Amino acid sequence: MKKRIIMIAAAAALSVLMAFPAFAGTWKDVNGRWRYQRGAEKYASQEWLNLDGKRYYIGSDGFMVTGWTQVGSQWYYMDESGVLQYGWLKDNDKWYYLAPDTGAMVTGTVIDGRQIGSDGVWVPAEAQTEPVGLAIDPASATLVQNMEGIKTNGYTIISSGRTFNRENWNDAIRLVKKGSYVKCSPGGNYKLLSGTFSPSTKFDSGLLGKLTVYGDDDQVLYTSADIRYDAQPITFAVDVSGQNQLRVEFSLTKDDNWSEPVLLIKGLTLYQ
């Protein structure tokens, strides 16, 4: 009798489980557009998905995004399959560069010897040919904070820190007050430096800052637009081919002469 009761209970439990199927996540076609279902009546919305080594973005309407889309303050491009793109991109006869780590469109910089304007569009110089693709191997990525012999000022690595918009950043570089920096010696062995920066919650509203990347002989390779206390995170990338020394420095363009603002940098990475 006892054995029979146990068997009946097990059968009942199994029937309940079968009545509520488990979802590992699956794409659903809705009139030619795609949604990502996580469970019964539960769908992804306004978020990034990492699936099988590819990234997708689901908009606020719950559908997969294709083409250009703005997330926060940054622009991204997904192909017709919804897959986030990286590197050089040609769209409507204009060339853009999408950072190798985040896929964000970069602006006001030099990539592969080509000037990128403030709108993210490549501005061809005389006799320059179209990009053929800056070959970046993700496996060649080296975090600057993991390199040997770096030199610093006002620099720490934080286990957890908050940006102005309340994102939690782990293992980020923390640069405190004007003139703080991290220096490294890539020895001319890397093509690209990339990362994402943001003011922290400790950044007074009366200040304006800049992030500047210097190369050999203090050559300015990249300088950001003015950073306000309420700036959204910005991804940058810059050509560092042939540079033996690099210095990533935080400065102030508007200073009250007493504040010690904090700038956070996530994923500051060199690529070969």
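R38 is partly exposed, with a relative accessible area of 33%. That label covers everything between buried (under 20% relative accessible area) and exposed (over 50%), worked out with a 1.4 Å probe on protein chains only. R38 has a partner: E47 forms a salt bridge with R38, and their closest N and O atoms are 2.6 Å apart. A salt bridge here means a side-chain nitrogen of Lys or Arg within 4 Å of a carboxyl oxygen of Asp or Glu. E47 also counts as partly exposed, at 23% relative accessibility.

Before going on, a word on what you're looking at: this is a predicted model, where local features need pLDDT of at least 70, side-chain atom pairs count only at pLDDT 80 or more, and totals for chains, interfaces and linings use all residues. Residues are numbered from 1 along each chain as its sequence is written, and side-chain values use heavy atoms, with hydrogens and water left out.

**Salt bridges**

How many salt bridges does the structure hold? There are nine. Three of them are set out here.

| Pair | N to O distance | Relative accessibility |
|---|---|---|
| R38 and E47 | 2.6 Å | R38 33%, E47 23% |
| R33 and D61 | 3.0 Å | R33 41%, D61 42% |
| K90 and E130 | 3.1 Å | K90 38%, E130 40% |

Take R33 and D61, whose side chains meet in a salt bridge. This pair links distant parts of the chain, 28 residues apart: R33 sits in strand β2 (residues 33–39), while D61 is in the loop between β5 (54–58) and β6 (67–71). Strands (E, at least two residues) and helices (H or I, at least four) are DSSP runs, numbered from the N terminus.

Now for K90 and E130, which also meet through their side chains in a salt bridge. K90 lies in strand β8 (residues 87–91) and E130 in the loop between β12 and β13 (142–143), so the pair ties together parts that are 40 residues apart in sequence.

Salt bridges can also join up: D218, R247 and E249 are linked in a network of them.

**A buried valine**

Is V213 buried or exposed? V213 is buried, at 0% relative accessibility. You'll find V213 in strand β21 (residues 208–214). R247, one of the residues in that salt-bridge network, is 34 residues from V213 in sequence, yet their C-alpha atoms are 5.7 Å apart in space. V213 touches R247, along with residues including L193, Y222, F236 and V248, leaving out those up to four places away in sequence. Touching, or contact, means heavy atoms within 4.5 Å.

**A three-stranded sheet**

Strands β10, β11 and β12 make an open sheet in that order, with antiparallel pairing. Two strands pair if DSSP finds at least two bridges between them. β11 (residues 114–116) and β12 run antiparallel and are joined by two bridges. Within that pairing, Q115 stands opposite V123 in β12.

Residues 65–84 are 0% helix and 50% strand, with end C-alpha atoms 10 Å apart. Residues 85–104 are 0% helix and 50% strand, and their end C-alpha atoms lie 9 Å apart.
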